[in-house]
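Have the picture at hand as you read.

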Amino acid sequence: MMIDDLKRQAAVAAIEEIRDGMVVGLGTGSTAAHFIRELGRRVRSGMRVMGVPTSRESEELAVEVGVPLTTLRDHPVVDLTVDGADEVSARLDLIKGLGGALVREKVVAHASKRVVIVVDETKMVDKLGRKAPIPIEVVPFAAESVARQLLRWGGQHTLREKDGKPWISDNGNLILDWKHGAVDEPHILEKQIKAITGVVDSGIFSNVADLVIVATATALHRLRRQS
């Protein structure tokens with residue numbers, strides 16, 4: 001079975017968590033896009049929801065498929081957010097942000113009563129950092145000073161680029177992708193990165209996911225965070 005088929009299976013399964021009248025956070029990335037398309041189909045069949053997009057990309061897709069949108073200003077509490085992830089650890093901590101929307105994704109996640117993460121089996125790891133770098137969004141003025149701090153901590157970092165130019169986030173910032181290696185204490189490292197002057201936020205999402213739906217070639221698995 002193709003990876004994209006697994007992504008779609010996980011995303012469609014998340015629809016079961018949606019109830020009529022909910023305000024729903026709309027994640028960013030290929031798996032979240034499957035969810036938005038399926039939500040659009042349900043809206044066209046009569047489901048009443050409002051979506052809070054986590055990126056311009058998700059906003060454009062939601063408009064295209066007919067999901068009504070709102071903002072955190074009008075709805076500061078989100079009932080449920082559905083999003084993908086680049087890595088999910090055994091403790092259900094996450095690395096997100098390879099799609100570049102990590103700050104808005106984190107803002108919406110922390111405004112949500114529940115967060116559901118949808119992934120295929122290739123995203124599961126024993127510890128964060130095994131495969132994916134940690135994206136770090138920084139204000140442009142501070143990029144070099146943040147990079148120097150990362151060098152002092154070890155590992156390797158690169159400035160994210162597109163078409164040979166620095167990649168710019170929806171917030172007008174730069175992203176450093178930091179290859180740290182296995183992360184033993186994600187909640188501590190998340191706070192340490194956030195404390196660097198000039199960092200907006202990082203792609204470590206510790207203690208955020210309430211439910212992770214994992215699609216494998218043979219089954220769907222629902223993993224719940226232990227309180």
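What follows is a set of questions and answers about this predicted model.

Q: How do you know which residues and atoms are being talked about?
A: Residues are numbered from 1 along each chain as its sequence is written, and side-chain values use heavy atoms, with hydrogens and water left out. Since the model is predicted, local features need pLDDT of at least 70 and side-chain atom pairs count only at pLDDT 80 or more, while totals for chains, interfaces and linings use all residues.

Q: What makes a stretch count as one of the helices or strands in the protein?
A: Helices (H or I, at least four residues) and strands (E, at least two) are DSSP runs, numbered from the N terminus. On that basis the protein has six helices and 15 strands.

Q: Why is the protein called as compact as a globular protein of that length?
A: The radius of gyration, taken over C-alpha atoms, is set against the globule rule, 2.2 Å times the number of residues to the power 0.38. For 227 residues the rule gives 17 Å and the protein's own value is 17 Å, so it is as compact as a globular protein of that length. Along the principal axes, its C-alpha atoms fill a box of roughly 55 × 35 × 35 Å.

Q: Why is Leu92 called buried?
A: Buried means under 20% relative accessible area, exposed over 50%, and partly exposed in between (1.4 Å probe, protein chains only). Leu92 has 5%, so it is buried. Across the protein, 53% of the 227 residues count as buried.

Q: What is the phi of Leu92, and where does this residue sit?
A: Phi of Leu92 is near 70°, a positive value in a residue other than glycine. Most residues other than glycine have a negative phi. Leu92 is in the loop between strand S4 (87-88) and strand S5 (94-95).

Q: Is Asp163 buried or exposed, and why?
A: With a relative accessible area of 74%, Asp163 is over the limit for exposed, so it gets that label. Asp163 belongs to the loop between strand S9 (161-162) and strand S10 (165-166), and its phi, near 55°, is positive too.

Q: How do you know what Ser58 is in contact with?
A: Contact means heavy atoms within 4.5 Å. Leaving aside neighbours within four places in sequence, Ser58 meets that test with Leu26, Gly27, Thr28, Ile36 and Pro53. Ser58 lies in helix H3 (residues 56-65), and at 3% relative accessible area it is buried.

Q: What makes a space a cavity or a pocket?
A: On a 1 Å grid over the protein atoms alone, a cavity is a set of points where a 1.4 Å probe fits but cannot get out, and a pocket is an open set with protein on both sides within 12 Å along at least five of seven lines. Lining residues have an atom within 4 Å of a point. One cavity of 30 Å³ or more is found in the whole structure, and the largest cavity holds about 40 Å³ of space.

Q: What is known about the largest pocket?
A: Its volume, the space filled by probe spheres set on the grid points, is about 220 Å³. Of its 18 lining residues, the closest to the centre are Thr28, Gly29, Ser30, Asp86 and Gly99. Helix H2 (residues 30-44) gives the most to this lining, with three residues.
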